[in-house]
Amino acid sequence: MNISDATFQRLEAEFNAPSVRNFTSALPNRQWIADAEAQKRNGVNPFPPGVVASRPVFDIKKMRELLDMNNFELRDSFYELFKNPVFFPRYNESLAEQRARTIQRWRLIAKTGVFHKTLQNFTAEGRQRYEATLESVGAMEHSMEIKMGVHYGLFGGTVSMMGDDEQSAKWAPMIENCQMLGCFAMTELGHGSNVKGIQTKAVYDIPSQTFIVNTPCEEAQKYWIGGAFQSARWTALFAQLYVQGVCHGVHPFLVRIRNEDGTTVPGVTIGDCGAKNGLNGVDNGRMWFSNVRVPHDHLLRRHSQVSRDGTFTSNFKSADERFGASLASLSGGRVSVSAGSLVQAKLALSIAIRYGLSRKAFGPPGQEETRLMDYPAYQARLIPPLATTFVMQLVLNHLKAKWERGDLGRELHVWSSGFKALISWHSLQTLQEAREACGGQGYKSENRIGPMKTSHDVALTYEGDNHVLLQAVTKTVFSEFMKGIQSGGNFRGHFAYLKDAEGLKKMNLSGMDPRSAAFALTVMRRREAALFAMLAADLQKRTAAGLTPLKAFNHCAVLVEDAGRAHVELLMVELFHHTLSDLQRRGETELADMLSLCGALHTARTVDEQPVFLRCGAVSVAEAQMMHTNVGRFCGTLRPHVLTLVESFGYPPHLLAPIAFDYVAHNSKGRL
Ligand SMILES: Cc1cc2nc3c(=O)[nH]c(=O)nc-3n(C[C@H](O)[C@H](O)[C@H](O)COP(=O)(O)OP(=O)(O)OC[C@H]3O[C@@H](n4cnc5c(N)ncnc54)[C@H](O)[C@@H]3O)c2cc1C
C-alpha cells in the first residue's frame with residue numbers, strides 16, 4: 001500500500017520543529033545497548049553481570065507465543081525498525097518537539113504498509129495485525145501508540161463500523177493510507193463519562209439537505225480530542241441528532257474540520273489542550289462548531305438513517321438501544337487500551353526484575369552483600385505483580401479473540417469494560433512498584449519506568465473512567481442475578497453455580513490444591529455471591545424506603561463497584577483456567593505448571609490485598625491467613641524463574657533500559 005507521502009510531507013512541515021528535523025536534540029548515551037548486543041553475538045544472553053539464569057523449566061519461545069498469540073515476526077520487525085535513530089528516546093524535549101517527533105515516527109511506521117486492510121471489512125487477520133502493531137509501537141513509546149490508535153482505531157473504527165457498507169468502502173482505504181487524517185470527538189468539557197448527555201447539536205435542514213452542527217454553550221466544546229489541535233483534517237463527531245424538531249439521541253457524523261493545507265474550515269474553531277502529565281506527543285485539542293454544514297451522506301448510518309426529505313429510521317427501537325449498539329462497536333478502544341497497559345507493565349517488570357537480580361544491598365558483616373531479589377520482602381513486591389501480569393495477559397487474549405472474531409454482544413461490553421478497568425489499575429500499580437523497586441535509578445528517565453508511568457496513568461480515565469466502567473459491569477449483570485432470585489433459585493448462565501449455594505459455602509479450602517481451578521473458583525464465587533446478595537438486599541431496603549431505583553443504585557455505589565470487581569475477577573479466573581486446561585489437553589504441561597503457579601499466587605494475592613473477602617464472609621480468618629502465607633510461599637517458588645519469565649515477554653535489549661544490564665559500566669567515569 002502507498003501511504004500518502006503528500007500527507008506526511010505537509011504534516012512534517014506544519015509540525016516544523018528544527019531540532020527534530022536535524023536530530024540535534026541531545027541523545028542519552030546508548031553504549032549499553034551495543035554492549036548487550038555484543039554479548040548476544042558471543043552467544044551469551046545479555047543478563048546483568050553476575051546473574052546466572054536458572055535452567056528454564058519451560059520453553060521460553062512457546063511461552064512468548066502463548067502470550068503474544070500471533071504476528072511474532074511482525075512484532076520483531078518493528079523492534080528492529082526501532083533501532084533507527086528517529087525512534088531513540090529523548091528527554092526534556094519541548095511540546096512542539098515531542099509532537100513533531102511523533103509525526104516523524106508515524107511516517108516510518110505507516111510506510112511499512114502494515115495498516116493495509118485493517119479497517120476494510122474488519123477481518124480477524126486485519127484486527128490481529130492492527131493490535132500486534134499497536135502493542136509493538138507501545139513498547140517503543142506510548143504517545144506514538146495513542147496517536148495511531150486515535151486515527152486508525154477510534155476515527156477509522158467509527159467510520160468503518162458505524163458507517164454502512166458503502167460509506168466504509170469509500171472512506172476506510174483513505175483512512176488506512178492516511179489520505180484522510182482524523183480524530184474522534186465524543187467528549188465535551190461538561191460531559192465525559194456521561195456521554196449520553198453531550199450537548200453538541202446536529203439539526204437536519206431539509207431544504208439544504210445538510211446537518212447543521214452547533215456548539216450551544218461552553219460546556220459543549222469538544223475537549224481532549226487527540227490529533228484535533230494539529231494533525232486531523234476530519235473528525236468522527238458525536239452529536240445529538242434532531243430531525244423535524246425531534247431529538248433522536250447521540251449519533252456519529254464524518255465532519256471535515258480542516259482543509260488539506262491545515263487551515264480550519266469556516267465555522268470550526270480549534271484550541272490546544274496544552275501540556276499534559278504525559279503523552280505529550282499527542283496534540284489533544286478543543287473544538288467549537290458554529291453553523292457547520294455537514295453533507296447528508298456524512299451521517300454514519302449503520303444504525304440510523306435520515307432520508308433526504310427528513311424521515312428518521314433506525315434498526316433499533318429506542319435511543320438507548322441505539323446508543324448501546326454504537327458503544328459496542330467502540331469496544332475495540334478498550335481492547336487496545338488494555339493490551340497497551342499490559343505492555344507497560346511487562347516492560348517495567350522486565351527492567352525492575354533484572355535490576356533487582358543484579359543490585360545488592362546489605363548483607364552479613366564482611367561478606368558479599370545480598371541481591372535485592374533474594375530478600376522475601378523484595379520478592380513480595382515484584383513477583384505477585386509478575387504473576388498477575390501473566391494471568392491478565394492470558395485473560396486478555398480471550399477478549400482479543402472475541403473482538404477479532406467480531407463477536408459484539410453483551411459479553412464483549414462486560415469483558416472489555418471490566419478488563420480495561422482492572423488491567424489498567426494493575427499496570428499503574430505495577431509501574432509504581434517497579435519504580436520504587438529500582439530505588440533512585442527508577443527515577444531516571446533513561447530507565448524508562450517513570451515516563452511510562454506518567455504516560456500510562458490516563459489509561460485509567462479514557463475509554464471510560466475505571467470506576468464508571470465497574471458500575472456499568474454491575475448494572476449489566478445484576479439483572480441476570482435478580483432473575484435467578486426471582487425464579488426461586490433457578491440461576492442460569494454465569495450464575496448457575498448458585499444452584500448449589502450451600503455446597504459452595506461448605507467447600508473446605510484448606511483441603512484443596514491452591515493451584516487448582518476449584519480452589520480459585522470457590523474463593524471468587526463466594527465473594528461474588530455474597531456481594532450480589534448484599535446489593536440486592538440493600539437496594540430492596542432503599543427502594544422500600546421510597547428511593548427511586550436510580551437513587552437507590554447511586555446510594556449503594558461503593559457496593560456496586562465492589563460487586564463489579566468481584567464479577568470481573570471471577571471471570572478472569574474462569575478464563576485463565578480455561579487456558580490452563582487447554583494447555584494440559586495439548587500436552588503443554590511445562591507451560592501449564594509454571595502458569596498454574598502464577599495463577600495460585602494471583603489468587604492468594606487478590607484475597608490478601610482486599611479486606612472485602614473477609615468483610616463479606618467469603619473467607620474465614622484462618623483462610624485469609626492461609627492466603628497470606630501462600631503469597632510468601634509462591635513468591636519463593638517462583639523466585640528462581642523470574643528471569644526466564646520476563647525473558648518470555650520477548651523484548652530486546654534496546655527496548656529495556658541501562659539498569660536492566662550493567663548499570664555500573666553504564667555509569668562509569670569513562671562514559672561521561
Ligand atoms: C489525554 C486524554 C486523551 C483523551 N482523548 C480523547 C479523544 O481523543 N476523544 C474523546 O472523545 N475523548 C478523549 N478523552 C476524554 C476521556 O474519554 C474523558 O476524560 C473520560 O471519559 C472521563 O470524562 P471526564 O474527564 O469528563 O471525567 P468525569 O466524567 O467528570 O469524571 C470525573 C470523576 O468523577 C467520577 N464519576 C463520574 N461519574 C460518576 C458516578 N456516577 N459515580 C461516581 N463517580 C463518578 C469519575 O470516576 C472520575 O473520577 C481524553 C482524555 C484525556 C485525559
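Reader: Which residues have the most contacts inside the largest nonpolar core?

Author: Good place to begin! This is a predicted model, and its largest nonpolar core holds 184 residues. Those with the most contacts inside that core are A185, F253, A348, I351, A352 and L601. Helix 11, residues 331-358, gives the most to this core, with 14 residues.

Reader: What does A352 touch?

Author: Leaving out residues up to four places away in sequence, A352 touches L382, A434, A437, C438 and I449.

Reader: How do I read the overall build, and how many helices and strands does the protein have?

Author: Begin with the secondary structure, which comes to 24 helices and 11 strands. The radius of gyration is 26 Å, close to the 26 Å that the globule rule gives for 672 residues, so the protein is as compact as a globular protein of that length. Along its principal axes, the C-alpha trace spans about 90 × 75 × 40 Å. Buried residues make up 48% of the 672 residues. Among contacts with a separation of 6 or more, 75% join residues 24 or more positions apart.

Reader: Now the ligand, please. Which residues are the closest to the ligand?

Author: The ligand is surrounded by 20 residues, and the closest are M186, T187, G192, S193 and W224. To see where such a shell comes from, look at the elements that give two or more residues to it: strand 1 (182-185), strand 4 (222-225) and helix 15 (466-486).

Reader: Where does UniProt place the feature "active site"?

Author: The UniProt record, an unreviewed entry, places that feature at E463. In the model, E463 is found in the loop between helix 14 (449-456) and helix 15.

Reader: Is E463 buried or exposed, and why?

Author: Count the C-beta atoms around the residue; 20 or more others within 10 Å make it buried. E463 is buried because 25 other C-beta atoms lie within 10 Å. Apart from neighbours within four places in sequence, E463 is in contact with G333, R334, V337 and K420.

Reader: Which residues is P48 in contact with?

Author: P48 lies in the loop between helix 3 (31-41) and helix 4 (60-68). With 20 C-beta neighbours inside 10 Å, P48 counts as buried. Beyond its neighbours within four places in sequence, P48 is in contact with R354, L357, S358, A660, F661 and D662. Take I659 too: 611 residues from P48 along the chain, its C-alpha atom is separated from that of P48 by 8.3 Å.

Note on methods:
Residues numbered from 1 in each chain as written. Predicted model: local features only at pLDDT ≥ 70, side-chain atom pairs only at ≥ 80, totals over all residues. Core = buried A, V, L, I, M, F, W, Y, C linked by C-beta atoms within 7 Å. Buried ≥ 20, exposed ≤ 12 C-beta atoms within 10 Å, placed from the backbone. Helix = DSSP H or I, 4+ residues; strand = E, 2+ residues; numbered from the N terminus. Contact = placed C-beta atoms within 7 Å. Near = placed C-beta within 6 Å. UniProt positions renumbered as here; feature names shortened; annotations may be inferred. Rg over C-alpha atoms; globule rule 2.2 N^0.38 Å.
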